[in-house]
Amino acid sequence: VSILTDYVWRGQNYGEDGVIQPNFSIGFASGISLGVWANYNIDDDRYASSSQVNEVDYTIDYSRDLGPVGISLGAIYYDFPRTGGADTQEWYVGATANMLLSPTLTVYRDFHAIDGTYITLGIGHDIELNDKATLSLGGTLAYANEAYNKGYFSVSDPTIDVEDDSLSDYNISISLAYALTDKVTVTPTISYSGFTDDDIKDAAEIVYDDDSNFYGGINVSYSF
């Protein structure tokens with residue numbers, strides 16, 4: 001479970017007064033995993049009339065290591081209870097090079113509400129400080145097509161044009177995982193996200209109140 005100052009997804013702020021995000025996943029030897037994730041806004045905001053769960057995501061994933069490259073593919077169902085938002089679905093496919101910085105390319109395709117494509121390129125590096133603590137550094141840069149941008153950033157202002165393919169958001173993060181026991185890990189984290197395209201920035205200011213977000217929190221995990 002994570003307790004965060006904000007809920008930021010792909011640069012878009014969906015909860016700026018504190019959130020709790022529980023997550024449960026189970027993996028099998030075949031490489032298949034199933035997951036359920038939820039977002040609970042601690043205080044009222046523009047996406048929920050009262051403190052409540054306003055999003056539940058269901059994921060199925062298949063991952064496999066092919067030597068120099070790891071691959072993953074799967075699907076996500078996004079459910080938005082009590083918000084009036086339309087449920088939607090995505091499939092995705094990703095590849096990670098097993099080398100320095102672990103460069104990862106992932107393509108997401110919304111095939112329901114938005115019918116858009118979103119692509120991320122990410123890098124990361126873990127530094128083992130001791131047998132209990134690991135420092136993780138990461139960053140992503142995203143590219144989105146016209147349908148995705150129109151779906152998430154359309155505004156009535158005629159001077160703001162989001163009807164093009166463009167670079168989308170970026171995110172930089174740092175976290176420190178500390179193993180309290182063999183099964184319990186506590187991870188404080190901080191992140192900064194923003195947008196590269198000027199029109200997307202202007203639209204984000206209108207739709208999501210900010211074109212950049214600095215946020216953080218703590219995650220507590222139990223593995224079995």
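Guide: We begin with the radius of gyration, which is taken over C-alpha atoms, and with the globule rule, which is 2.2 Å times the number of residues to the power 0.38. Please keep in mind that this is a predicted model.

Visitor: What radius of gyration does the protein chain have, and what would a compact globule have with 224 residues?

Guide: For 224 residues the rule gives a radius near 17 Å, and because the protein chain has 18 Å, the value agrees with that of a compact globule. Along the principal axes, the C-alpha atoms fill a box of roughly 55 × 40 × 30 Å.

Visitor: How many helices and strands does the protein chain have?

Guide: There are 2 helices and 15 strands in the protein chain. Of the contacts between residues at least 6 apart in sequence, 46% join residues at least 24 apart.

Visitor: What share of the residues is buried?

Guide: Buried, in the sense of under 20% relative accessible area, describes 34% of the 224 residues. The largest nonpolar core has 24 residues, and those with the most contacts inside it are Trp9, Tyr148, Tyr152 and Phe153. The elements giving two or more residues to this core include the strands β2 (7–9) and β8 (69–79), as well as the helix α1 (146–153).

Visitor: Which residues is Trp9 in contact with, leaving aside its neighbours within four places in sequence?

Guide: With those neighbours left aside, Trp9 is in contact with Tyr14, Tyr78, Tyr148 and Tyr152.

Visitor: How far apart are the mean positions of the positive and negative charges?

Guide: The protein chain has 9 positive and 34 negative charges, and their mean positions lie 9 Å apart.

How values were computed. Residues are numbered from 1 along each chain as its sequence is written. This is a predicted model: local features need pLDDT of at least 70, side-chain atom pairs count only at pLDDT 80 or more; totals for chains, interfaces and linings use all residues. Side-chain values use heavy atoms; hydrogens and water are left out. Helices (H or I, at least four residues) and strands (E, at least two) are DSSP runs, numbered from the N terminus. Buried means under 20% relative accessible area, exposed over 50%, partly exposed in between (1.4 Å probe, protein chains only). Contact means heavy atoms within 4.5 Å. Lys and Arg count as positive and Asp and Glu as negative; His and the chain ends are not counted. The place of a charge is taken as NZ of Lys, CZ of Arg, CG of Asp or CD of Glu. A nonpolar core is a set of buried Ala, Val, Leu, Ile, Met, Phe, Trp, Tyr and Cys residues joined through side-chain atoms within 4.5 Å.
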